[in-house]
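Hi,

Here is the structure I promised to pass on to you. Have a look at it first, and then read on for what turned up.

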Amino acid sequence: MSFFEALLNNPLLVSALIAGIASSFVSGIIGSYVVVKRIVFIGGSISHSVLGGIGLALWLERAKGVLWMSPLYGALFAAVLSALVIGWFHLYHRQREDSAIAALWSIGMAMGVLFIAQTPGFNVELTNFLIGNILWVSHTDLYILLALDIAVILIVLCMHKRFLAICFDEEHALLQGLSVNALYLLLLLLTAISIVLLIQVVGIILVMTMLTIPAAISNLYTVRLSSMMVIAIGLSMLFCVGGTAAAYHLDWPGGATIALLAGLAYVVSLLVRIPSRS
Amino acid sequence: MNPAIHLENVSFAYQDTPVLKKVTINIRPGDFVGIIGPNGGGKTTLLKLILGFLKPLSGKIEVFGMQPQFARQKLGYVPQIARFDRQFPISVYELVLSGRLSFLPWYGYYGKADKLAALEALEMMGLSRLKDKAFGTLSGGQAQRALIARALVSDPELLILDEPTASVDSQAEADIYAILKKLSGKKTILMVTHDLKAAINEVQQVICVQQEAISLSPHEVCEHFAFGLYHKPLL
């Protein structure tokens with residue numbers, strides 16, 4: 001059975017593709033900000049600390065009987081909390097910002113592992129969160145993801161010029177009367193939400209792929225941040241659909257296949273682009 | 001006439017290292033002022049105080065009779081080009097347009113007046129042909145003129161430049177001074193420079209900053225050096 005026939009017969013595969021395409025928008029848009037603002041490491045920290053929230057949610061759901069809880073809520077909670085903590089360090093304790101980011105990274109993962117250890121019958125699923133398995137996304141989750149996706153896009157449509165300004169030249173933005181600190185926090189929050197969206201597709205460990213590689217590739221070929229975003233969205237979709245199809249045929253894990261495809265494309269684009277520049 | 005910039009007994013220190021001590025400066029509207037002094041002498045700190053990025057430990061700073069952070073709408077600031085990320089995806093036009101950020105409505109799109117002002121500023125700087133190029137691909141002189149265009153596009157009363165000729169060739173340097181000369185009289189211009197020749201030939205008033213600040217007229221700068229009146233090497 002080919003990939004397209006499988007799509008017609010398998011609703012799970014369809015939701016996997018929808019989630020992949022929806023998250024491609026935030027991957028391209030927020031990923032571009034993350035790359036040009038050089039906050040990739042912050043993205044890594046937020047995405048790994050999300051495991052703490054997922055662990056907490058699973059533990060509450062399965063060991064404590066809080067039935068409405070879902071890993072998605074835990075992930076969102078942890079991502080937003082991490083973004084606020086990192087933002088607070090950036091604004092008030094900038095000298096040790098990178099150490100704090102690393103600490104948050106490992107504290108979040110440690111809490112996740114501990115909560116999961118306390119949760120009965122879970123071991124198999126841990127890999128789903130770490131390397132991604134879009135097939136565990138429920139229908140409710142899918143609606144929440146789509147709503148978040150649209151919210152992120154709408155906010156960016158209104159705020160893009162301001163985000164561009166704080167990414168390029170914070171001092172100038174300040175002189176122009178922008179609330180640079182508030183905008184920075186907003187950008188971190190959007191990054192956090194986008195990371196949660198992307199984790200559904202490729203998992204915690206591989207989320208950095210989707211946040212950085214499409215944007216990094218398109219940065220090689222554009223002169224404007226907005227066109228960088230459009231190209232990155234396209235690339236991201238290509239990697240998601242291509243990776244999912246390849247994974248289906250080869251019976252490989254989806255997240256890892258998508259990440260590998262993106263990684264290969266990055267290497268190739270660097271090889272093509274860099275010599276012509278020097 | 002009220003001074004454009006007025007500093008009275010301003011002192012500043014980073015932690016325990018004093019940078020400026022009891023600095024008193026008056027700059028008249030429309031003057032073209034050069035700031036010279038050794039590295040680490042406090043030139044950049046002085047600019048940051050006037051821009052309101054730093055607060056003085058003691059003393060008073062007024063820009064057009066206001067506290068610096070409230071006078072920002074009247075300021076145009078031209079930073080050093082070396083500070084920027086050359087790979088950053090921003091076109092020259094976008095860069096200049098960002099000088100109109102304070103006019104941006106909540107929904108985030110520039111109006112006709114903003115775009116027109118940006119195109120005019122580009123024209124004035126001789127950059128119209130390059131408006132769709134990436135900022136990072138410009139030569140030093142072009143990049144510096146683009147930043148001047150960004151500062152001018154909001155029609156500021158005070159233009160502050162941090163070493164505008166530091167990384168440009170001599171032709172670009174001459175171009176930049178020609179532009180500033182055209183603006184002087186209409187706008188108050190404050191320029192940090194390492195270029196002593198410029199300090200003597202181009203400006204009307206020179207401020208030497210080395211913890212303390214002294215105001216000189218350009219021809220006094222020559223005498224200072226000729227007779228070694230200054231206690232430490234100035235540059």
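Let's begin with chain B: in what order do the six strands of its open sheet come? The order is E5-E6-E7-E3-E8-E9, and the pairing is mixed. Strands E5 (75-78) and E9 (212-216) of chain B stand at the edges with a single partner strand each, so one side of each has no neighbour in the sheet. Going from one strand to the next, the twist averages 15°. Keep in mind as you look that this is a predicted model.

One pair to look up is B:Leu75, whose bridge partner in E6(B) is B:Leu158.

Helix H4 (residues 140-152) of chain B lies across E5 and E6 of chain B, and runs at about 165° to E5(B).

Now for where the chains meet. There, 22 residues of chain A are in contact with 22 residues of chain B. On the chain A side, the elements giving two or more residues are helices H7 (139-168), H8 (170-175) and H11 (225-250) of chain A. H7(A) gives the most, with eight residues. By type, the chain A side divides into twelve nonpolar, six polar and four charged residues.

Finally, how far can you trust the picture? The predictor gives the complex an ipTM of 0.87 and a pTM of 0.90. Chain B averages a pLDDT of 87, and 93% of the residues score at least 70. Among the elements of chain B, helix H2 (residues 92-97) has the highest mean pLDDT (96) and helix H7 (residues 218-227) the lowest (63). Over residues 229-235 of chain B, pLDDT stays under 50.

Cheers

Conventions: Residues are numbered from 1 along each chain as its sequence is written. Chains are lettered from A and ligands numbered from 1 in the order in which they are written. This is a predicted model: local features need pLDDT of at least 70, side-chain atom pairs count only at pLDDT 80 or more; totals for chains, interfaces and linings use all residues. Two residues are in contact if their C-beta atoms, placed from the backbone, lie within 7 Å. Helices (H or I, at least four residues) and strands (E, at least two) are DSSP runs, numbered from the N terminus. Ala, Val, Leu, Ile, Met, Phe, Trp, Tyr, Cys and Pro count as nonpolar, Asp, Glu, Lys and Arg as charged, and the others, Gly among them, as polar. Two strands pair if DSSP finds at least two bridges between them. Axes are lines fitted to C-alpha atoms, for helices over the stretch in contact, and angles run from 0 to 180 degrees between N-to-C directions. pLDDT is the predictor's confidence in each residue, from 0 to 100.
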